[in-house]
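Subject: Handover of a structure

Hello,

I am passing this structure on to you. Please look through it alongside the notes that follow.

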Amino acid sequence: MSIEKNKEIAELAVESYRNKQSFYQQETHPLFWAQTEKNIADIYYYLGKDLENTAYLEKATDTYLNALDVFEELGDTTHIQMIENALKKADDKFLSSNKK
């Protein structure tokens, strides 16, 4: 499968997750919303990594931070650690992409 096809599928997945968040809003379902936000961030991360696209890596970082805020409010240490690890990977990839 081509990278462009993967990109299209990934963007459809993000759209699907965003639609899901319109039903499970942050205010009423914070854990579900934050888990979905993390999934979206993961997609952006892999797009940025695979396409060597810093804009996607920036989106990943911003989206991870949105999820992190909620997990911190909930005191969900497991998810906080997962997000912190993901942020480090995204930052490392962003920095290495900018050196090229």
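A residue is called buried here if its relative accessible area is under 20%, exposed if over 50%, and partly exposed in between. The model is a predicted one.

**H79 and its surroundings**

H79 has a relative accessible area of 16%, so this residue counts as buried. H79 belongs to helix α4, which covers residues 77–98. The side chain of H79 makes a polar contact of 2.8 Å with the side chain of D76. Setting aside residues up to four places away in sequence, H79 touches Q35 and F71. Q35 is one of the α2 residues that meet α4, and F71 is among the α3 residues in the contact of α3 with α4. H79 itself is listed on the α4 side of the contact with α2 and on the α4 side of the contact with α3.

**α2 against α4**

Helix α2 spans residues 30–51 and packs on α4 at an angle of about 20°, the axes being 11 Å apart. An angle under 35 degrees counts as roughly parallel, and α2 and α4 are therefore roughly parallel to each other. The crossing of α2 over α4 is left-handed. From α2 the residues involved are Q35, K38, Y45, Y46 and K49, and they meet H79, M82, I83, K89, A90 and K93 of α4. By class, the residues of this contact of α2 with α4 are 5 nonpolar, 2 polar and 4 charged.

**α2 against α3**

Helix α3 runs over residues 54–74, and α2 packs against α3 at about 160° with an axis separation of 8 Å. That angle makes α2 roughly antiparallel to α3. Here too there is a left-handed crossing, with α2 passing α3. The contact of α2 with α3 comprises 18 nonpolar, 4 polar and 5 charged residues.

T63 sits in α3. T63 is buried, because its relative accessible area is 4%. Apart from residues up to four places away in sequence, T63 touches R18, E37, I40, A41 and Y44.

Between α2 and α3 there is a loop, and E52 lies in it. Its phi is near 50°, which is a positive value in a residue other than glycine. Most residues other than glycine have a negative phi. With a relative accessible area of 48%, E52 is partly exposed.

**α3 against α4**

On the α3 side the contact is made by T54, L57, E58, T61, Y64, L65, A67, L68, F71 and E72, and on the α4 side by H79, I80, I83, A86, L87, A90, D91, K93, F94, S97 and N98. Sorted by class, the residues of the contact of α3 with α4 are 12 nonpolar, 5 polar and 4 charged.

L87 is found in α4 and is buried, with a relative accessible area of 11%. Beyond its neighbours up to four places away in sequence, L87 touches T61, Y64, L65 and L68. L87 and W33 are 54 residues apart in sequence, and their C-alpha atoms are 18 Å apart in space.

A90 is likewise in α4. Its relative accessible area is 0%, so A90 is buried. Leaving out neighbours within four places in sequence, A90 is in contact with Y45, T61 and Y64. The C-alpha atoms of A90 and L47 are 11 Å apart, and the two residues are separated by 43 residues along the chain.

Regards

Notes: Residues are numbered from 1 along each chain as its sequence is written. This is a predicted model: local features need pLDDT of at least 70, side-chain atom pairs count only at pLDDT 80 or more; totals for chains, interfaces and linings use all residues. Side-chain values use heavy atoms; hydrogens and water are left out. Helices (H or I, at least four residues) and strands (E, at least two) are DSSP runs, numbered from the N terminus. Buried means under 20% relative accessible area, exposed over 50%, partly exposed in between (1.4 Å probe, protein chains only). A polar contact is a pair of N or O atoms within 3.5 Å; within protein, one must be able to donate a hydrogen and the other to accept it, and residues adjacent in sequence count only if both atoms are side-chain atoms. Contact means heavy atoms within 4.5 Å. Axes are lines fitted to C-alpha atoms, for helices over the stretch in contact, and angles run from 0 to 180 degrees between N-to-C directions. Angles under 35 degrees count as roughly parallel, over 145 as roughly antiparallel, 65 to 115 as roughly perpendicular and the rest as oblique. A crossing is left-handed if the near helix is turned anticlockwise from the far one by less than a right angle, and right-handed if clockwise. Ala, Val, Leu, Ile, Met, Phe, Trp, Tyr, Cys and Pro count as nonpolar, Asp, Glu, Lys and Arg as charged, and the others, Gly among them, as polar.
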